[in-house]
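Please read this short report on a protein chain alongside its sequence and structure.

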Amino acid sequence: DLFLKFLRNPCGGIFFMRKIIILIFSVWLSSLHLFGQSEYSSVFDIKDEWSDYTNFQRDEMVSFCDFLYKEKHFERFLLTAFQFLYRFPDDSLKTVMLYTIARSYEEIKNYDLANRYYNRIINSEEEYSVAYRASKIRSVYTYLINDEIKKVYSLTNDTDNPYLMVLRGYAFLKEL
């Protein structure tokens, strides 16, 4: 009865419809707020959610670096590798990335920067690790290519490493 009375009165019907529309709209907005947003209960929930994202991001950067290096896009590789090291400074692939950065500098014939990164590995790794030994050999090789024969002699003096002995022999031949 009350509803029909409001509908018969044109002014009352409009106000009644406005009130219903406003009521429906406010119920809809409050339901969006209550059910549409999930609130975090702690900082750990945020860390867990973002750790999946950053792991995916890390894997994508490693894959992209690998692609660029294999395709011999060394300048673009260097940019991406430095971004990787900046974003993930304590990553387990740090030594591998530093070695590949040094190899990239070697490929573009910037032997000084290549030796800088080989020396970073040499100074941070154990003396008998694979990364240390590979970096030492590549470092001596870059000195040989760069015609720094005295440096090759000083680094290979009293060595029993066959690779370093061969590089020392090449230095003698190059000097002749």
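The largest pocket has a volume of about 250 Å³. A pocket is an open set of points on a 1 Å grid over the protein atoms alone, where a 1.4 Å probe fits, with protein on both sides within 12 Å along at least five of seven lines. The volume is the space filled by probe spheres set on the points. This is a predicted model, in which local features need pLDDT of at least 70 and side-chain atom pairs count only at pLDDT 80 or more, while totals for chains, interfaces and linings use all residues. Residues are numbered from 1 along each chain as its sequence is written, and side-chain values use heavy atoms, without hydrogens and water.

Among the residues that line the largest pocket are Tyr132, Arg133, Asp158 and Leu164; lining residues have an atom within 4 Å of a point. Helix α7 (residues 130-145) gives the most to this lining, with three residues. The lining divides by residue class as follows.

| Class in the lining | Residues |
|---|---|
| Nonpolar | four |
| Polar | three |
| Charged | five |

On the surface, Val166, Tyr170, Leu173 and Leu176 form a nonpolar patch with about 500 Å² of accessible area together. Such a patch joins nonpolar side chains within 5 Å, from residues with over 30% relative accessible area and no salt bridge. Leu173 lies in helix α9 (residues 162-175). Why does Leu173 count as exposed? Its relative accessibility is 58%, and exposed means over 50%.

The protein chain has nine helices and zero strands; a helix is a DSSP run (H or I) of at least four residues, and a strand (E) of at least two. Of its 176 residues, 27% count as buried, meaning under 20% relative accessible area.

Methods
Ala, Val, Leu, Ile, Met, Phe, Trp, Tyr, Cys and Pro count as nonpolar, Asp, Glu, Lys and Arg as charged, and the others, Gly among them, as polar. Patches are made of residues with over 30% relative accessible area and no salt bridge: like charges are joined within 9 Å, nonpolar side chains (Val, Leu, Ile, Met, Phe, Trp, Tyr) within 5 Å. Accessible areas come from the Shrake-Rupley method with a 1.4 Å probe; for residues, only the protein chains shown count as cover. A salt bridge is a side-chain nitrogen of Lys or Arg within 4 Å of a carboxyl oxygen of Asp or Glu. Buried means under 20% relative accessible area, exposed over 50%, partly exposed in between (1.4 Å probe, protein chains only).
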